[in-house]
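Q: I am new to this structure and would like to learn how its features are read, step by step. Could we go through them together, starting from the sequence and the model shown here?

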Amino acid sequence: MNMKKMMMTMLALLCMTVASAQQTVTSSRQPRQFDATTQTNLMAEKLGLSSDQKTKVEALNKEYAELFTRPQMRHAAQGGSSTDGRPELTDEQKAQMKANMEARRTKREEYNTKLKSILTDTQYQNYQSQMQSRRGHRGGQHSGQRGDE
């Protein structure tokens, strides 16, 4: 009887450990979200912004705050799924996604134009190289689409 209790306890501990580990893996995949102030502080540190530049960049970052968050995918409740496990999108959803991507690209271009007017040429070049290296860490997403940034 004592051995049976010990085995049940060990099994319960194993199940809790596996559940806990799975929860940790799932939660660690959440993308980091930056607010305008955090983004501004990082830029000030990395680019050496003056206090005047920092004030202007923070206002710009607040104006374009939606650019610092990842767009959320909205999956259809119905429909089949593709071979990689993702739900298949309808033509309407694909068109909406494309329109959203274009709108974000346009906003990003506006942001970069305004940012360039605030930063010195050297600071802007450093900003561009930092953004390029960040895109490289994401597996080359958007490669070739943003060559003018």
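**Reading the helices and rings**

A: Phe-68 has a relative accessibility of 11%, so this residue counts as buried, where buried means under 20% relative accessible area, exposed over 50% and partly exposed in between, with a 1.4 Å probe and protein chains only. Phe-68 is found in the loop between α3 and α4, and its C-alpha atom is separated by 8.0 Å from that of Gln-39, the two residues being 29 apart along the chain.

Q: What should I know about the origin of the model and its numbering?

A: This is a predicted model, in which local features need pLDDT of at least 70 and side-chain atom pairs count only at pLDDT 80 or more, while totals for chains, interfaces and linings use all residues. Residues are numbered from 1 along each chain as its sequence is written, and side-chain values use heavy atoms, with hydrogens and water left out.

Q: How many helices and strands does the chain have?

A: Helices (H or I, at least four residues) and strands (E, at least two) are DSSP runs, numbered from the N terminus. In this chain there are five helices and zero strands, and the order from the N terminus is α-α-α-α-α. Of the 149 residues in the chain, 19% are buried.

Q: How do I read the packing of two helices, and at what angle do α3 and α4 pack?

A: Axes are lines fitted to C-alpha atoms, for helices over the stretch in contact, and angles run from 0 to 180 degrees between N-to-C directions. Helix α3 (residues 51–63) packs with helix α4 (residues 91–118) at an angle of about 170°, the axes being 10 Å apart. That makes α3 roughly antiparallel to α4, given that angles under 35 degrees count as roughly parallel, over 145 as roughly antiparallel, 65 to 115 as roughly perpendicular and the rest as oblique. Contact means heavy atoms within 4.5 Å, and among the residues that meet are Val-57 and Leu-60 in α3 and Tyr-111 and Leu-115 in α4.

Q: How do α2 and α3 cross?

A: The axes of helix α2 (residues 36–47) and α3 come within 9 Å and cross at roughly 140°, which makes α2 oblique to α3. The residues making this contact include Gln-39 and Met-43 of α2, together with Val-57 and Asn-61 of α3.

Q: How is a pair of aromatic rings described, and how many aromatic pairs does the structure hold?

A: A pair of aromatic rings is described by the distance of the centres and the angle of the planes. Rings of Phe, Tyr and Trp (its six-membered ring) pair if their centres lie within 6.5 Å, and planes under 30 degrees apart count as stacked, over 60 as edge-to-face and the rest as tilted. The structure holds two aromatic pairs. In one of them, the ring centres of Tyr-64 and Tyr-111 are 5.8 Å apart and the planes stand at 70°, so this pair is edge-to-face. The pair links distant parts of the chain, with Tyr-64 in the loop between α3 and α4 and Tyr-111 in helix α4, 47 residues apart. Tyr-64 is buried at 2% relative accessibility, and Tyr-111 is buried at 0%.

Q: What kind of pair do Tyr-124 and Tyr-127 form?

A: Tyr-124 and Tyr-127 form a tilted pair, with 5.9 Å from centre to centre and 35° between the planes. These two residues are three apart in helix α5 (residues 121–137), so about one helical turn separates them.
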